[in-house]
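Biologist: I am new to this structure. Please show me how to read it, one feature at a time.

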Protein chains: 2
Amino acid sequence: MFKKTLIIGCGLIGSSILRAIHSKKLSKSIIVFEKSAKNISRIKKIKSNIRFVKILNNQISDVDLVIICTPMSEYKKIILKLNKNLKSKCLITDVGSTKTNIIKLKNKYLNKKLIWVSSHPIAGSEVSGPEYGSKNLFLNKWCVIIKEKRKIPKKINLLKKFWKKLGSKVILMDSNNHDKIFSITSHLPHLIAYNLIKTAQDSQKIQRKNLIQYSAGGLRDFSRIAASNEIMWRDIFFSNDNIINAINLFSKNLNSFKKIIQSKNNKKLLSKLVNSKKVRKQIILSKQDVAKPDFGRE
Amino acid sequence: MFKKTLIIGCGLIGSSILRAIHSKKLSKSIIVFEKSAKNISRIKKIKSNIRFVKILNNQISDVDLVIICTPMSEYKKIILKLNKNLKSKCLITDVGSTKTNIIKLKNKYLNKKLIWVSSHPIAGSEVSGPEYGSKNLFLNKWCVIIKEKRKIPKKINLLKKFWKKLGSKVILMDSNNHDKIFSITSHLPHLIAYNLIKTAQDSQKIQRKNLIQYSAGGLRDFSRIAASNEIMWRDIFFSNDNIINAINLFSKNLNSFKKIIQSKNNKKLLSKLVNSKKVRKQIILSKQDVAKPDFGRE
């Protein structure tokens with residue numbers, strides 16, 4: 001499918017792509033740009049004959065696929081290097097979690113001869129690093145490809161094929177829609193989880209008790225999400241403007257929830273709680289989770 | 001350990017206790033008070049020779065252990081029946097999730113000759129009903145026993161032994177402390193999950209898009225918790241006054257989180273996100289969850 005692929009940043013996502021490309025034989029050779037010595041030694045265990053580069057210079061000039069898997073705050077630096085060293089036939093993509101900012105950055109800084117079609121595989125975990133990667137990470141997961149006006153369809157189709165080979169269900173969206181949708185289904189839930197953990201920490205100080213040891217009744221699940229990579233999530237929170245609207249809507253709802261409790265409005269509270277179950281059913285129907293009950297992880 | 005046990009309400013928790021008592025041979029015979037015909041036929045599959053009662057009358061007068069496992073809003077009615085039919089040597093307990101309200105109710109309505117020591121096993125799931133019960137539900141889970149002033153220590157010790165036989169780690173607390181702790185580790189997380197799901201539903205209407213199908217990136221985990229039993233959770237939200245304080249602290253933190261994002265305060269945001277990981281470590285160290293990473297349930 002490709003002659004030479006360059007993976008820039010080889011953590012959980014980058015190394016999972018590396019494993020999948022290798023396993024499905026999607027590229028004759030693979031170059032990995034990775035600075036961390038610890039990560040490099042871990043990646044070497046996946047496949048011994050990977051070429052590593054520590055600077056993006058003319059060593060990368062003959063690649064035909066570039067996948068950027070670093071935190072988004074690294075992108076600008078990377079674009080300037082790509083401008084200097086890539087040929088126009090090369091396809092560039094990335095796996096960043098917010099899209100309007102990336103499209104803007106690319107339109108501003110990327111050499112107009114180069115082609116970048118942005119991707120967002122909806123896959124990951126609270127852990128990071130290549131040691132947690134898996135060739136099956138993208139299997140049956142959504143991958144959003146960002147469609148821009150005047151984008152060359154041929155390259156979109158190539159990228160679509162690539163993600164499908166990795167097992168993903170591909171959907172095309174514009175960057176605005178993407179950022180609105182994921183502000184609700186991913187970015188707000190993470191922010192809320194972080195905020196809940198902060199609230200538990202504060203309460204622990206106020207109450208002077210070890211609350212955390214009694215977390216099995218709910219807090220535990222949030223703590224997992226709130227243990228996600230801080231650099232990745234800082235970049236997301238700073239780059240998706242829709243998060244502020246999402247927080248405002250959440251706060252409005254929380255305030256109304258509080259009032260329902262304070263006024264002991266039985267009917268309104270019950271209808272609120274019953275309604276939530278509908279979403280659970282939709283999530284299971286759309287295969288975003290399984291119906292198997294959870295009694296805590298043993 | 002007991003001659004005759006009465007389980008009042010035999011859903012997920014009641015049927016799990018039933019299974020555990022049966023398996024560990026903790027009671028010579030078991031009576032189940034359960035109204036739902038569907039539940040009764042399911043419980044009969046667990047053990048055929050259980051006696052079912054549909055009213056609490058003199059049929060229950062010779063029991064020496066009563067475990068109330070109904071929603072808390074049923075307790076008052078039950079207490080009035082117990083007053084009429086129980087003997088003073090009997091030990092009464094319950095598994096309700098809030099405690100100050102139960103202690104008040106008991107002190108107001110329970111016949112002073114009867115002895116009630118309140119329990120709260122920290123175990124459960126988003127599902128309800130006896131078909132999901134398990135004899136191992138309480139294994140290695142906390143069980144809080146409420147200690148009141150002037151409570152007869154002999155009965156506390158008996159109850160302690162009972163929960164330990166079911167595999168629980170027992171801890172004694174007063175009802176105030178209990179309600180403060182679990183307002184943070186359980187009640188607030190559930191309320192926040194319900195509120196997040198409501199916010200996603202509202203956004204779906206506002207954006208006119210099927211957001212829910214992209215829930216794998218975080219929302220999914222909250223939807224599970226927000227699919228919990230509505231009667232149980234209505235009773236909890238209406239009976240733990242500490243929830244309002246918890247909501248207020250959460251809102252204050254959320255507002256400050258929003259300001260940090262709006263002002264793009266890198267240092268503050270990073271320290272917030274890094275701090276959350278500490279709680280995760282505490283939760284794993286205190287065996288409230290396992291360190292195994294989660295990539296979504298397949």
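Modeller: What follows takes up a sheet, the relation of the chains, their contact and some backbone angles. This is a predicted model, in which local features need pLDDT of at least 70, side-chain atom pairs count only at pLDDT 80 or more, and totals for chains, interfaces and linings use all residues. Residues are numbered from 1 along each chain as its sequence is written, while chains are lettered from A and ligands numbered from 1 in the order in which they are written.

Biologist: In what order do the strands of the open sheet in chain A lie?

Modeller: Strands of a sheet pair through backbone hydrogen bonds, either parallel or antiparallel. Here helices (H or I, at least four residues) and strands (E, at least two) are DSSP runs, numbered from the N terminus, and two strands pair if DSSP finds at least two bridges between them. The open sheet in chain A has 6 strands in the order E3-E2-E1-E4-E5-E6, with parallel pairing. Strand E3 (51-53) and strand E6 (115-116) of chain A are at the edges with a single partner strand each, so one side of each has no neighbour in the sheet.

Biologist: How many bridges join strand E4 and strand E5 of chain A?

Modeller: Strand E4 (residues 65-68) and strand E5 (residues 91-94) of chain A are joined in the parallel sense by 4 bridges. A:Val66 stands opposite A:Ile92 in E5(A).

Biologist: How many residues does each chain bring to the contact?

Modeller: Chain B brings 88 residues and chain A 87, where contact means C-beta atoms, placed from the backbone, within 7 Å. H6(B) gives the most to the side of chain B that touches chain A, with 22 residues.

Biologist: Where is A:Lys264 placed, and what is its phi?

Modeller: Most residues other than glycine have a negative phi, and most peptide bonds are trans. A:Lys264 has a positive phi, near 50 degrees, and lies in the loop between helix H9 (242-262) and helix H10 (266-285) of chain A.

Key. Contact = placed C-beta atoms within 7 Å.
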